[in-house]
Amino acid sequence: VGAVVLDVSVSLDGFATGPDARPGVPLGDGGVRLHEWMFADSGQRARREGAADIDQAVVAELFATTGAVVMGRRMFDLGVAEWGGTPFPVPCFVVTHHGREDLVTDNGTFHFFTDGAASALARARAAAGDKNVLVHSPNIARQLLRAGLVDEIHLHLVPILLGGGGRLFDGTEMAGLRFEPVALKQSARVAHLRYRVRPGPSAEGAD
Ligand SMILES: NC(=O)c1ccc[n+]([C@@H]2O[C@H](COP(=O)([O-])OP(=O)(O)OC[C@H]3O[C@@H](n4cnc5c(N)ncnc54)[C@H](OP(=O)(O)O)[C@@H]3O)[C@@H](O)[C@H]2O)c1
């Protein structure tokens, strides 16, 4: 059975999105630097130092292990034009208050659900089979973490400061969660950190 994984790039000051995320600038001002490590051709120096090998192996593993994606409506609205399809070639489950018909793209289908994050996750798990479900929105991730439904957190810690925008973790409701280090890989551009979420009483609250 696959795991439920929050996989996200985050700045040193804890932001998953820079200020003023908007159509055409989905990661906010300066936020595109959060994902530069994913692109092999974006760093000559990094490639010379072997960073690209580490980073590209992380990306390859992410694609190979992801069987379904859960995201919020904001991520869908901001991302779909950029991706030109689904972000990974797998079914994507969008949590929204405003239902709509499925959107079929060349590489996968977006399904829209109005009955909450946990329900969308249950459908994603079924679709993923023995692969992982990737949680692809900070807001949805917080809801699922509080509900005790996330197995692992994969953070890509990028040495930049964004100064504002969307925090990955916010509020005190999750302060009781505990994490167990699983792995650490370091390239010249980014530190890849993995934590297992320790089972325990789930935190309360909703966004
Ligand atoms: N750094 C990274 O690696 C990374 C990764 C992924 C995303 N991001 C960034 O994160 C941002 C998007 O994430 P986000 O956390 O801001 O928003 P989000 O989770 O994508 O979307 C939030 C929206 O989802 C809907 N929603 C959420 N919970 C719901 C519920 N329980 N029931 C019904 N509808 C619900 C609501 O929209 P409606 O009311 O309109 O339906 C809500 O406004 C983007 O800027 C993206 O670029 C960064």
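1. Helices (H or I, at least four residues) and strands (E, at least two) are taken here as DSSP runs, numbered from the N terminus. The model is predicted, so local features need pLDDT of at least 70 and side-chain atom pairs count only at pLDDT 80 or more, while totals for chains, interfaces and linings use all residues. Residues are numbered from 1 along each chain as its sequence is written, and side-chain values use heavy atoms, with hydrogens and water left out.

2. On a 1 Å grid over the protein atoms alone, a pocket is an open set of points where a 1.4 Å probe fits, with protein on both sides within 12 Å along at least five of seven lines, and lining residues have an atom within 4 Å of a point. The largest pocket is lined by 42 residues, with Leu27, His35, Met75, Trp83 and His136 nearest its centre. Helix H3 gives the largest share of this lining, seven residues; among the other elements that each supply at least two are strand S1 (4-11) and helix H2 (51-65).

3. The ligand takes up the space of the largest pocket, a molecule being placed in a pocket if more than half of its atoms lie within 2 Å of its grid points. To the shell around the ligand, S1, S2, H3 and H5 each give two or more residues.

4. Polar contacts are pairs of N or O atoms within 3.5 Å. A backbone N or O atom of proline 26 lies 2.7 Å from a ligand oxygen atom, and a polar backbone atom of methionine 75 is 2.8 Å from an oxygen atom of the ligand.

Key:
Polar contact = N/O pair within 3.5 Å; in protein donor to acceptor, adjacent residues only side chain to side chain.
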